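Try each task yourself before you read its solution.

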Amino acid sequence: MSHESIIQWTDGTASFFTGCSIKSSACANCYAPPISARLASFGQESYEGVTSKNEKGVLYFNGKIKPNLKAAENVIKVKKPKKIFVNSMSDIWHENAPISYQKKALELMNQYDHHTYLILSKRTENIERILEETGMPLPKNTWIGATVEGDVIDVETKLNVKYRIDHIRNVDEALVRFLSVEPMVGPLHFDDSDLVNVNWIIIGGESGHNARPFHLEWCRNLIENIDDIAQRLNQKIAIFVKQPGRDNFF
Ligand code: SF4
């Protein structure tokens with residue numbers, strides 16, 4: 001459910017392609033596979049084949065990626081400036097996406113650069129390479145984000161998910177750098193160096209049918225931790241606590 005709170009901050013979503021795969025603990029109850037399967041059953045070709053069912057019958061993204069350019073362009077070609085969450089049904093920096101998909105997505109965002117684009121990812125290690133290979137800049141109003149759901153390990157890199165913060169810090173063109181601590185799956189503590197140049201942090205528990213527990217103490221400690229760092233760094237860091245999750249404990 002890791003994208004939900006960001007989506008509530010936006011005026012719309014634009015998925016330039018669909019499909020993804022599990023990257024870390026935050027993905028366990030991803031909202032997007034059931035939606036994708038439903039859209040595929042209604043005949044939407046962009047969603048066909050991107051999900052599979054595990055032995056318990058639970059839908060998950062199987063790593064296949066499908067283009068969805070026309071639908072995304074229809075969202076972003078409107079004249080009125082909007083805050084648009086990018087690739088809510090995928091991850092724009094996914095390594096399985098052909099580079100041509102990412103290039104076209106960046107071309108379109110640069111063409112319609114009157115919008116603010118929120119790009120949240122768990123694959124921040126791919127940002128630099130993809131920008132280089134596409135030869136495209138980020139659109140001028142980009143908010144770039146990383147999911148940091150707890151002190152947990154990324155399935156692919158085998159690193160603590162905090163490694164992602166450095167990658168978004170290194171994206172010079174971004175207007176805003178943000179972290180999504182959602183769904184918060186355990187205690188989390190930042191060091192001062194983690195939050196240099198981070199502008200905004202969202203914290204939230206997990207919602208939905210299989211929501212994991214969320215301890216308010218984790219949240220309180222994290223807020224204190226962030227406030228202390230902000231003071232020491234003399235830097236403004238906005239915090240938004242979106243929701244305590246379905247099962248919260250005092
Ligand atoms: S990265 Fe995002 S879209 Fe992909 S499986 Fe994880 S939660 Fe779902």
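**Exercise 1: Proline 34**

Solution: Proline 34 sits in helix H2, which runs over residues 32-41; helices are DSSP runs of H or I with at least four residues, strands are E runs of at least two, and both are numbered from the N terminus. This is a predicted model, where local features need pLDDT of at least 70, side-chain atom pairs count only at pLDDT 80 or more, and totals for chains, interfaces and linings use all residues. Residues are numbered from 1 along each chain as its sequence is written.

Next, count neighbours. A residue is buried with 20 or more other C-beta atoms within 10 Å of its own, exposed with 12 or fewer, and partly exposed in between, with C-beta atoms placed from the backbone. Proline 34 has 13 such atoms within 10 Å, so it's partly exposed.

**Exercise 2: Methionine 184**

Task: which residues does methionine 184 touch, not counting residues up to four places away in sequence?

Solution: Methionine 184 then touches Glu149, Gly150, Ile203, Gly204, Gly205, Phe214, Trp218 and Cys219.

**Exercise 3: The whole chain**

Task: describe the fold in numbers.

Solution: Start with the tally: seven helices and 13 strands. Then check the extent, about 50 × 45 × 35 Å along the principal axes of the C-alpha trace. Last, burial: 42% of the 250 residues count as buried.

Notes
Contact = placed C-beta atoms within 7 Å.
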